[in-house]
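Time to open the notebook and look a few things up. I'll jot down what I find as I go.

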Amino acid sequence: MKPKLLVLELWGLGDLVIATPFLRAASEKFTVTLLAKPFAQELRPRLWPAVEVVPFIAPWTAFHGKYHFWRWPWLPMLRLRRQLKAEHFDCGVSARWDPRDHLLLRLAGARARLGFDRLKSWRLLTQELARPDPLAHRYESWRIAGQALGLNLPAVGEIIAPPRQPARVALLHSGARLPVRVWPLENFQKIAARLRQKNVTVQIACDAGQLAWWQNRGENVICPRSVTELFALMDQAGVFIGNDSGPGHLAAACGVPTFTLFGPQLAEWFAPLHPAAEIFEGRACPYKPCADYCRFATPFCLWDVTADEVWPRVEVFAERHLAASRIAADGPR
């Protein structure tokens, strides 16, 4: 009988997708329970079907008012604690240096608790993990946790993209969870127009708050409302072009080559895990990396980047990967 492992990843879509190699490897050795936001239930059948998902929206992951304790769902949280303790987990792990995760592992009753110390949270752990290099990719934390559990995970540069059917559509996704990570929509519109001039089929996808902007400009835009709808878009895409966002990481996990525009965040930390992933770095800023807010009136690191600057890279990227899809679909002539 496999030992029971509790895994915590309570944040965004991209954060959870980055954990995919760890979750797949862990499910071979452990009976894995993942505590994550509800969208993990939609990811599970496609990315890690052997993992059991327990949905939980941690109140401290809210964008605003995260420490308004009087609004926290205390009764559901107490029920969750009882549910987790009843599982008698042999081990629990978090790949974040977050004392809140470590306290949650302790409250869940996991006998062995692995994590990265912060603010003396080692007191809540049974095994403190050595932090990765400060510029290492976010995935490296999962790799270190995996090594501590006896899992052999590939390095970032060794991750192999899953096989997929060839597709000839360029998917442009203009959204992101945080406004400071959104390249101006006018620039996406210009890139789409230039791709179409090259006879590339373009599909625009966006966040709900951007929908009217695109519709007012006559674009047949799709606004995916769920991870399942995002999967459907990725299955039709030959390349993905977008911001530093969850959909870009999902595209990479589906085997789609990605082109990502980075502004306030570091590409070294969050580039999509695909061997053909390309990134465009925004302007330099003394405060980079930024978490949620910009110290200036506008995030010039991204908003000052023009479509003219990005286009030559996008053109080569699209030609390379869409041409490969065309050859795979049609066969050699």
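This is a predicted model: local features need pLDDT of at least 70, side-chain atom pairs count only at pLDDT 80 or more; totals for chains, interfaces and linings use all residues.

Buried means under 20% relative accessible area, exposed means over 50%, and partly exposed is in between (1.4 Å probe, protein chains only). Helices (H or I, at least four residues) and strands (E, at least two) are DSSP runs, numbered from the N terminus. The buried residues of α10 include Gly246, His249 and Leu250. Just after α10, I noted that Gly255 has a positive phi of about 90°.

**What I'm working with.** Residues are numbered from 1 along each chain as its sequence is written, and side-chain values use heavy atoms, with hydrogens and water left out.

Most residues other than glycine have a negative phi, and most peptide bonds are trans. Leu119 has a positive phi, near 55°, and sits in the loop between β5 (112-115) and β6 (127-128). Leu119 counts as exposed, at 72% relative accessibility. Lys120 is in the loop between β5 and β6 too, with a positive phi near 65°. Lys120 is exposed at a relative accessible area of 53%. Then I found a cis peptide bond between Lys288 and Pro289, with omega about 5°. Pro289 belongs to the loop between β11 (278-281) and α12 (300-303).

**A cavity.** How many cavities of 30 Å³ or more does the structure hold? I found 1. A cavity is a set of points, on a 1 Å grid over the protein atoms alone, where a 1.4 Å probe fits but cannot get out; lining residues have an atom within 4 Å of a point. The largest cavity has a volume of about 70 Å³, volume being the space filled by probe spheres set on the points. Its lining includes Lys288, Cys290, Arg295 and Phe296.

**A surface patch.** Last, I looked up Tyr67, Phe69, Trp70 and Trp74, which form a nonpolar patch on the surface with about 520 Å² of accessible area together. Patch residues have over 30% relative accessible area and no salt bridge, and nonpolar side chains are joined within 5 Å. Tyr67 is partly exposed, at 42% relative accessible area, and lies in the loop between β3 (52-55) and α4 (74-85).

Definitions and conventions. On a 1 Å grid over the protein atoms alone, a cavity is a set of points where a 1.4 Å probe fits but cannot get out, and a pocket is an open set with protein on both sides within 12 Å along at least five of seven lines; lining residues have an atom within 4 Å of a point. Patches are made of residues with over 30% relative accessible area and no salt bridge: like charges are joined within 9 Å, nonpolar side chains (Val, Leu, Ile, Met, Phe, Trp, Tyr) within 5 Å. Accessible areas come from the Shrake-Rupley method with a 1.4 Å probe; for residues, only the protein chains shown count as cover. A salt bridge is a side-chain nitrogen of Lys or Arg within 4 Å of a carboxyl oxygen of Asp or Glu.
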